[in-house]
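The sequence and the model are shown below.

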Amino acid sequence: MSDAAKVGIIMGSTSDWETMRHAARVLDELEVPHETKVVSAHRTPQRLYDYAHSAADRGLKTIIAGAGGAAHLPGMAAAMTHLPVLGVPVESKALKGVDSLYSIVQMPGGIPVGTLAIGKPGAINAGLLAAAILATSDDALAGRLRAWRAAQTDNVATDPE
C-alpha cells in the first residue's frame, strides 16, 4: 500500500525487510495504508533527511523505523520530524540485536523513540502500536483493532493438548 499512506515503514537496508515485513503484514490485516522504503542513516543520509522532513506533509501520522547494528535510523528520523517514531531493533549477527536495542532505546532526553522488542515480535508490535495510535481518532480502525485482538485471544488453546 502506498496511496494515502498513514504509516511509513523505513529500514536501513533490504536485508531488514525479513523483520520489517511483519509490521507491514499487521498493517495490511488491519487495513492501514502504509508505505515501505529503504532509508539508511549512514549510506543515504539525504534520503533520510528528505523522508523525515516531508513525512507529515505527505500525510503520514507515524513512522516505524527498523535498523540493526548501530541502529541510528529511528533516532535520526525522530530528530527530524514531530511524528511519533517507533523503533524496531533488527537482530544483528554480532550481538543478536542487543546492540540495535541499546542504540535505539538510549535516546537522549528530548528526542523520543518508542522502542519495541528485537526482531519479529518487535515488528509485529510496532504495527499494532502504530494502528493503536491511529485508532485514537479513527473509530473504524479501533473496531478492527479490537476484533484483531479478540481473534488472537480466541486462538489461545484452553487445554495443552
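## Crossing of α1 and α5

In this predicted model, helix α1 passes helix α5 in a right-handed crossing. The axes of α1 and α5, the latter spanning residues 120–135, come within 7 Å and cross at roughly 30°. On the α1 side, the residues that take part are Thr-19, Met-20, His-22, Ala-23, Arg-25, Val-26 and Leu-27, and they meet Lys-120, Ala-123, Ile-124, Gly-127, Leu-128 and Ala-131 in α5. Sorted by class, this contact of α1 with α5 has eight nonpolar, three polar and two charged residues.

Thr-19 sits in helix α1, which covers residues 17–29. Its relative accessible area is 12%, and because this is under the 20% limit, Thr-19 is classed as buried. Apart from neighbours within four places in sequence, Thr-19 is in contact with Lys-120 and Ala-123, and also with Val-88, Val-90 and Gly-119.

His-22 likewise has its place in helix α1, and with a relative accessibility of 6% it counts as buried. When neighbours within four places in sequence are left aside, His-22 is in contact with Lys-120, Ala-123 and Ile-124, which are among the α5 residues that α1 meets.

## Gly-127 on the α5 side

Gly-127 belongs to helix α5, and its relative accessibility of 0% is the reason that it counts as buried.

## The largest pocket

Rolling a probe the size of a water molecule over the atoms shows where empty space is left. In this model, the largest pocket holds about 230 Å³ of space. Its lining is made up of 18 residues, and those that lie nearest the centre of the pocket are Gly-12, Ser-13, Asp-16, Ala-67 and Gly-68. By class, the lining of this largest pocket divides into six nonpolar, nine polar and three charged residues.

How values were computed:
Residues numbered from 1 in each chain as written. Predicted model: local features only at pLDDT ≥ 70, side-chain atom pairs only at ≥ 80, totals over all residues. Heavy atoms only, no water. Helix = DSSP H or I, 4+ residues; strand = E, 2+ residues; numbered from the N terminus. Buried < 20%, exposed > 50% of the residue type's maximum accessible area, 1.4 Å probe, protein only. Contact = heavy atoms within 4.5 Å. 1 Å grid on protein atoms, 1.4 Å probe; cavity = no way out; pocket = protein on both sides within 12 Å on 5 of 7 lines; lining within 4 Å. Points joined across faces, edges and corners; volume = space filled by probe spheres on them. Nonpolar A, V, L, I, M, F, W, Y, C, P; charged D, E, K, R; others polar. Axes fitted to C-alpha atoms, helices over the stretch in contact; angles between N-to-C directions. Left-handed = near helix turned anticlockwise from the far one by under 90°.
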